[in-house]
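Hello,

Here is the structure I promised to pass on to you. My notes on it follow just below.

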Amino acid sequence: ARLKTLEARAGRLTPSDLLVGLAEVAALADNAHSGVRYHTPEALPDKRLPLRLIWFPDALVVARAHGDAADLAGARVLAVEGLSPDALYGRVRVLLGGKELDRKKRVTELIESEGVLKSLGVAQDADALTLRLRLADGRKVTRRIAMIPQAFTPTAEFERLWAPQALAGETGWTPALKPDAVPLYLRDADRPFRLETTPVGLYLQFRSNSDEDGFPIADFLKAAEARIAADKPANLIVDLRFDIGGNLLTTLDFMRKLPSAMAGRTYLLVGPYTFSAGIVSAAALEESGGAPGGSRAGEG
């Protein structure tokens, strides 16, 4: 029915009307794997806000800001076109399927894109939005923010926006966090895997379950197994909070065997960005860990 409605409007649709219409159709599947995907910038509208937004459980936050909007980095968004973040989500949730946490993670890309909120009836103009924000110093400001060409807005996976390190091809952007003041789990943001000794125990970080450019996952798993055997760490911390998934078979046996290789505790860290094969890894580790030897940290 949605497709027939779009077809009836053929010739009168703006690019953002078509984008929104197709997104609404795909969202009817109501799962996080099914949806409209934008594999090249050309698939998205020509312009985008000079802001990168992250939806936290209690706030919509500016993770990065460009040019004249640089002072907004780190600000909390109080309203977009007069709508609170909760009210805004109520209008844009039709563009994506799946659970709320995953919808919020991915829908910011559409909120930032030229014409999308206009096509949804939220905004009056396609190429600018009015935002009410609370800056890092506590001041509240209202800004009319114009879109900028997509060429100035490098794209990245959503979890990458948390880290302040510059993205490939990124110039003129100000991150909310200072690069020299980030916790371990956000360092070296373009490294998919991390193996490091900490005061608590051996720390293993997975941001993927597949080979990434220059980082074969099999080599990392071998290195982790060798370090565990040699160091016999008191505890193990497995961090899957930013694991975007991939091929679950690459890590399934590894995760199942980990608890038995440890004399101490195995701590599992998961969060809203743990997705697909990352969820399977978490389940395999937790199931194999059993009760007495294992602990599971809460989501976050």
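**Around Leu117**

Leaving aside residues up to four places away in sequence, Leu117 touches Val80, Leu88, Val92, Ile111, Val122, Ala123 and Leu129 (contact means heavy atoms within 4.5 Å). This is a predicted model, where local features need pLDDT of at least 70 and side-chain atom pairs count only at pLDDT 80 or more, while totals for chains, interfaces and linings use all residues. Residues are numbered from 1 along each chain as its sequence is written, and side-chain values use heavy atoms, with hydrogens and water left out.

**Helices α3 and α4**

The axes of α3 (residues 85–92) and α4 (residues 100–111) come within 11 Å and cross at roughly 85 degrees, so the two helices are roughly perpendicular to each other (65 to 115 degrees). Axes are lines fitted to C-alpha atoms, for helices over the stretch in contact, with angles from 0 to 180 degrees between N-to-C directions; helices are DSSP runs (H or I, at least four residues), numbered from the N terminus. On the α3 side the contact is made by Asp86, Leu88, Tyr89 and Val92, and on the α4 side by Glu100, Arg103, Lys104, Val107 and Ile111.

**Salt bridges**

The whole structure has 19 salt bridges.

Best wishes

Conventions. Parallel < 35°, antiparallel > 145°, perpendicular 65-115°, else oblique. Salt bridge = Lys/Arg side-chain N within 4 Å of Asp/Glu carboxyl O.
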